[in-house]
Amino acid sequence: MTICFIADLHLSANRPDITDCFLHFMSSEATQCDALYVLGDLFEMWIGDDDDNTFHRQIKSAFKALTDSGVPCFFIHGNRDFLIGKQFSRETGVMLLPEHTVIDLFGTPTLILHGDTLCTLDESYQRYRKKVHNPFIQWLFLRLPLAWRQAVGRKMRSGSSSSNQMKSYDIMDVTPQAVIDLMSEHRVNHMIHGHTHRPDVHDLTIDGQHATRTVLGDWYDQGSVLLCTPAGCQLQTRSFRAAEQNQPLQTQPHTYPGDS
């Protein structure tokens with residue numbers, strides 16, 4: 001059995017290299033998995049399920065083909081695509097999960113999330129996040145004309161990029177105590193998340209016990225996949241060039257035992 005985890009693809013029509021790698025992964029590799037988990041920021045921007053352009057239909061078709069083949073697919077919202085909703089789920093067969101979800105990963109209770117809630121030192125972002133996750137504000141925004149929402153989304157993305165350039169490394173990363181607190185709250189010793197774009201496997205101690213935090217990589221320069229089997233988990237990369245040539249290429253920079 002193999003469970004796949006991906007995050008931070010930031011798919012957009014402006015990056016066909018990422019799209020090609022993703023579609024290659026979906027058609028040639030994800031079909032061999034027993035489940036696929038997407039931990040947020042699948043898209044660079046998502047301003048509502050009614051934004052049914054050609055590019056979005058292409059991505060949705062890839063998910064529909066995967067779920068129709070019998071592979072269950074799960075999604076946790078990221079900070080770029082928190083407006084993905086029930087219509088997207090119906091059209092793709094992808095199941096939407098709460099922002100903090102505990103799964104049984106081959107006998108190991110594992111907390112999965114996007115990861116932005118762990119960046120508690122970034123107070124300005126956390127204030128912004130609280131506002132945009134307000135159900136009433138989302139209800140109002142989704143009733144604006146599509147063209148207006150697209151313009152607002154572009155402006156917000158530009159402002160976010162400028163703001164992030166002024167922030168320090170520590171502020172942009174997770175807060176260690178937030179990690180410990182959340183894992184303790186959910187009584188787990190294994191966490192998987194994305195968001196920070198800093199793929200790695202971190203060892204830590206919680207209540208005197210060994211714990212592991214795995215950070216998924218982004219797809220800006222190459223694909224990033226976490227493969228888990230009963231024997232363990234591996235962070236791997238996928239080459240954009242290999243995808244163009246329809247040939248898989250993978251490296252294994254980090255490994256750790258599945259029962260950590």
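Where is the place of T175?

Guide: The model shown here is predicted. In it, T175 sits in the loop that runs between α7 (169-172) and α8. Its relative accessible area is 13%, and because buried means under 20%, T175 counts as buried. Leaving aside residues up to four places away in sequence, T175 touches L118, C119, T120 and L121. With one of these, T120, there is also a polar contact: the side chains of T175 and T120 meet at 2.7 Å.

D50 is found in the loop between β2 (35-38) and α2. With a relative accessible area of 40%, D50 is partly exposed. Beyond residues up to four places away in sequence, D50 touches L146 and R149. The side chain of D50 makes a polar contact with the side chain of R149, at 2.7 Å. D50 and I84 are separated by 34 residues in sequence, while their C-alpha atoms lie 9.9 Å apart in space.

D8, in the loop between β1 (3-6) and α1, has a positive phi of about 55° although it is not a glycine. D8 counts as buried, at 0% relative accessibility. R187 lies in the loop between α8 (176-186) and β7 (190-193), and its phi is likewise positive, near 55°, in a residue other than glycine. R187, however, is exposed, with a relative accessible area of 77%.

Two packed helices are described by the angle between their axes and the distance between the axes. Helix α1 (residues 16-28) and helix α2 (residues 54-68) have axes that come within 10 Å and cross at roughly 20°. Since angles under 35 degrees count as roughly parallel, α1 is roughly parallel to α2. The crossing in which α1 passes α2 is left-handed. On the side of α1, the residues that take part are T19, F22, L23 and M26; on the side of α2, they are F55, Q58, I59, A62, F63 and L66. The residues of this contact divide into 8 nonpolar and 2 polar, with no charged residue.

Note on methods
Residues are numbered from 1 along each chain as its sequence is written. This is a predicted model: local features need pLDDT of at least 70, side-chain atom pairs count only at pLDDT 80 or more; totals for chains, interfaces and linings use all residues. Side-chain values use heavy atoms; hydrogens and water are left out. Axes are lines fitted to C-alpha atoms, for helices over the stretch in contact, and angles run from 0 to 180 degrees between N-to-C directions. Helices (H or I, at least four residues) and strands (E, at least two) are DSSP runs, numbered from the N terminus. Angles under 35 degrees count as roughly parallel, over 145 as roughly antiparallel, 65 to 115 as roughly perpendicular and the rest as oblique. A crossing is left-handed if the near helix is turned anticlockwise from the far one by less than a right angle, and right-handed if clockwise. Contact means heavy atoms within 4.5 Å. Ala, Val, Leu, Ile, Met, Phe, Trp, Tyr, Cys and Pro count as nonpolar, Asp, Glu, Lys and Arg as charged, and the others, Gly among them, as polar. Buried means under 20% relative accessible area, exposed over 50%, partly exposed in between (1.4 Å probe, protein chains only). A polar contact is a pair of N or O atoms within 3.5 Å; within protein, one must be able to donate a hydrogen and the other to accept it, and residues adjacent in sequence count only if both atoms are side-chain atoms.
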